[in-house]
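Biologist: I would like to hear what stands behind the terms used for this model. Please set each value against its definition.

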Amino acid sequence: MCDLVARTGRHQQRYDAGCRLVAGCIPFRFRDSNVSGNSNSEKIVEVLMINSTSGPGLLFPKGGWENDETVQEAAVREAIEEAGVRGELMDFLGYYPFKSKTHQDEFCPEGSCKAAMFALLVKEELESWPEQSTRNRTWLTVPAALDRCRHPWMRDALENGFSKWHAGKDISEHH
């Protein structure tokens with residue numbers, strides 16, 4: 001049984017000019033390519049995605065940013081709640097606007113949302129987590145993840161946020 005509990009309800013939800021503020025992350029890890037057993041084998045980046053509870057395709061963990069937490073804390077919390085992973089929050093990848101049919105409410109009648117996305121270097125995969133009964137985790141290479149991504153804005157975050165950020169950094173040295 002999981003001791004962690006997912007937050008529910010929207011009474012703490014942050015809004016900005018009629019736009020629901022969301023925090024999320026692209027969890028990633030390095031895997032050795034080990035093609036020829038060469039000790040200098042290239043490290044392959046894999047990203048972690050979860051299934052959508054409302055249809056086909058895969059997602060990155062994300063959810064409402066609440067009044068009692070920083071945006072970084074919200075991104076880390078969502079990674080634990082939805083994907084059951086902990087790690088080191090690296091860098092802010094950008095804000096990504098999107099529309100949500102499920103989050104239309106009195107404060108946000110258009111369903112407009114803005115997601116702050118971060119890169120999260122995964123250090124631990126939890127055996128049990130709050131949304132385990134409805135979420136499956138899948139590790140994918142970036143091209144495979146782009147292909148299976150449910151939402152265009154998440155694809156944009158992966159392709160133009162994460163991939164460009166990753167290409168500009170040598171973070172494999174930290175691993």
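Modeller: Salt bridges link Arg-29, Arg-31, Glu-46, Glu-125 and Arg-137 in a network. The model is predicted: local features need pLDDT of at least 70 and side-chain atom pairs count only at pLDDT 80 or more, while totals for chains, interfaces and linings use all residues. Residues are numbered from 1 along each chain as its sequence is written, and side-chain values use heavy atoms, with hydrogens and water left out.

Biologist: Why are the side chains of Glu-46 and Arg-29 said to meet in a salt bridge?

Modeller: A salt bridge is a side-chain nitrogen of Lys or Arg within 4 Å of a carboxyl oxygen of Asp or Glu. For Glu-46 and Arg-29 the N to O distance is 2.7 Å, so the pair qualifies. Glu-46 sits in strand S3 (residues 43–51) and Arg-29 in strand S2 (residues 19–32), so the bridge ties together parts 17 residues apart in sequence. Helices (H or I, at least four residues) and strands (E, at least two) are DSSP runs, numbered from the N terminus.

Biologist: What makes Glu-46 buried and Arg-29 partly exposed?

Modeller: Buried means under 20% relative accessible area, exposed means over 50%, and partly exposed is in between (1.4 Å probe, protein chains only). Glu-46 has 7% and is therefore buried. Arg-29 has 23%, so it counts as partly exposed.

Biologist: How do you know that Glu-125 and Arg-137 meet in a salt bridge?

Modeller: Their N to O distance is 3.9 Å, which falls within the cut-off for a salt bridge. The pair links distant parts of the chain, with Glu-125 in strand S7 and Arg-137 in strand S8 (residues 137–141), 12 residues apart. Both ends count as partly exposed, Glu-125 at 37% relative accessibility and Arg-137 at 25%. A search of the whole structure finds 12 salt bridges. One of them joins Glu-124 and Arg-86 at 3.7 Å, N to O.

Biologist: How many disulfides are there, and how do you know?

Modeller: A disulfide is a pair of cysteine sulfur atoms within 2.5 Å. The search of the whole structure finds 0. Cys-113 is buried, with a relative accessible area of 1%, and Cys-149 is buried at 5%.

Biologist: What makes the largest nonpolar core a core, and which residues have the most contacts inside it?

Modeller: A nonpolar core is a set of buried Ala, Val, Leu, Ile, Met, Phe, Trp, Tyr and Cys residues joined through side-chain atoms within 4.5 Å. The largest has 47 residues, and those with the most contacts inside it are Ile-26, Phe-28, Val-47, Phe-60, Met-117, Leu-158 and Phe-162. Strand S7 (residues 112–125) gives the most to this core, with 9 residues.

Biologist: With which residues is Phe-162 in contact, neighbours within four places in sequence aside?

Modeller: Contact means heavy atoms within 4.5 Å. Phe-162 has such contacts with Ile-26, Phe-28, Val-45, Val-47, Leu-93, Ala-119, Val-142 and Ala-157. Phe-162 is one of the buried residues of helix H3, among them Trp-153, Met-154 and Leu-158.

Biologist: What is the span of H3 set against, and where is its kink centred?

Modeller: The expected span of a helix is 1.5 Å times one less than its number of residues. H3 (residues 152–167) has 16 residues and reaches 21 Å from its first C-alpha to its last, close to the 22 Å expected. The bend at a residue is the angle between axes fitted to the seven residues ending there and the seven starting there. In H3 there is a kink of about 25°, centred on Leu-158.

Biologist: What makes Phe-92 partly exposed?

Modeller: Phe-92 has 40% relative accessibility, so it counts as partly exposed. Phe-92 is found in strand S6 and, neighbours within four places in sequence aside, is in contact with Ala-116, Met-117 and Phe-118.
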